[in-house]
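Subject: Structure for you to look at

Dear colleague,

I am handing over the structure below, followed by what I found in it. Please read the notes alongside the coordinates.

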Amino acid sequence: MAASDIGSLRIAQNGRPNSLPGDELQSIHPEPYDEEAIHKTILVGDSGVGKTSLLVQFDQCKFQAGAFSATVGIGFTNKVVDVEGTKVKLQIWDTAGQERFRSITHAYYRDAHALLLLYDVTNKASFDNIRAWLAEINEYAQEDVVIMLLGNKADIAGERVIRREDGERLAREYGVAFMETSAKTGMNVELAFMAVARDLKMKKTRRPNEPKFNVADYVEQEKKNASCCS
Ligand code: GTP
């Protein structure tokens with residue numbers, strides 16, 4: 001139901017107060033969620049870790065195998081997701097992982113609401129570079145940005161060099177959420193974006209006396225059932 005704010009008393013459009021006397025605390029917070037607000041979410045990580053593939057899987061539920069063609073510069077895809085009946089608009093930016101584009105992508109960090117930071121579980125260098133990526137994020141992004149660490153290409157069991165526990169440990173050290181994904185099979189792809197959308201929405205609608213939404217706990221609970229387009 002649409003509502004307008006008059007002082008601290010919220011009046012519903014039918015003219016009746018939508019809170020009872022003595023219920024003032026509830027009527028003050030939170031502001032109605034703005035479904036038109038755009039949440040800028042950026043995919044970052046070394047070249048070849050699967051940023052473009054992850055976005056294509058989330059957006060179109062498909063995986064393009066074959067020759068790898070590196071992203072040049074930066075581009076975005078808009079996606080609206082449903083979080084408990086509320087529309088959350090994500091503007092997902094796919095950045096080029098190659099070093100030569102780094103100065104361009106830094107400029108986009110500043111107004112990012114969320115960052116999905118990827119490494120490739122079959123590529124040790126991409127994992128070792130996560131600390132450098134986090135240092136960059138710390139330098140250029142806003143303090144309250146939502147960060148999620150993703151170990152991608154989890155479908156390639158034979159060539160794996162980074163164990164899930166290594167990813168979990170690193171994420172714990174930096175206090176960020178973590179999961180392994182596969183842009184190929186869709187494993188945890190939808191869950192990663194939905195967890196970010198939920199976290200962004202909760203941040204805006206949380207009442208001061210409510211506990212903070214813990215994206216890491218949410219991810220742990222949801223992991224078992226998640227797979228893209230299921
Ligand atoms: P840049 O654009 O250079 O930053 O690379 P990127 O991170 O966007 O990587 P991209 O999505 O282009 O994927 C690189 C290669 O890895 C492609 O050949 C993909 O097909 C492959 N790939 C990506 N994700 C997965 C995955 O989850 N599993 C497997 N098996 N291959 C993947």
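To begin with the ligand, one of its nitrogen atoms is 2.8 Å from an N or O atom in the side chain of Asp155; please keep in mind that this is a predicted model. On the backbone side, an oxygen atom of the ligand lies 3.0 Å from a backbone N or O atom of Gly50, and an oxygen atom of the ligand is also 3.3 Å from a polar backbone atom of Lys184. The protein covers 91% of the 650 Å² of accessible area that the ligand has on its own.

Around the ligand there are 24 residues, of which Ser47, Lys51, Ser53, Thr71 and Gly97 come nearest. By type, the shell divides into 12 polar, seven nonpolar and five charged residues, and helix α2, which spans residues 51-60, gives the most to it, with three residues.

Turning to another site, Thr105 lies in helix α3, residues 102-109, and counts as buried because its relative accessibility is 2%, where the cut-off is under 20%. Apart from neighbours within four places in sequence, Thr105 is in contact with Ile74, Thr95 and Ala96.

As for confidence, the protein averages a pLDDT of 83, and 83% of the residues score at least 70. Over residues 1-27, however, pLDDT stays under 50, and the model has 25 contacts beyond four places in sequence for that stretch. Where pLDDT is low, the predicted coordinates should not be read in detail.

Best regards

Definitions and conventions. Residues numbered from 1 in each chain as written. Predicted model: local features only at pLDDT ≥ 70, side-chain atom pairs only at ≥ 80, totals over all residues. Heavy atoms only, no water. Near = heavy atom within 4 Å. Polar contact = N/O pair within 3.5 Å; in protein donor to acceptor, adjacent residues only side chain to side chain. Areas by Shrake-Rupley, 256 points an atom, 1.4 Å probe, with all protein chains shown as cover. Helix = DSSP H or I, 4+ residues; strand = E, 2+ residues; numbered from the N terminus. Nonpolar A, V, L, I, M, F, W, Y, C, P; charged D, E, K, R; others polar. pLDDT = per-residue confidence, 0-100. Contact = heavy atoms within 4.5 Å. Buried < 20%, exposed > 50% of the residue type's maximum accessible area, 1.4 Å probe, protein only.
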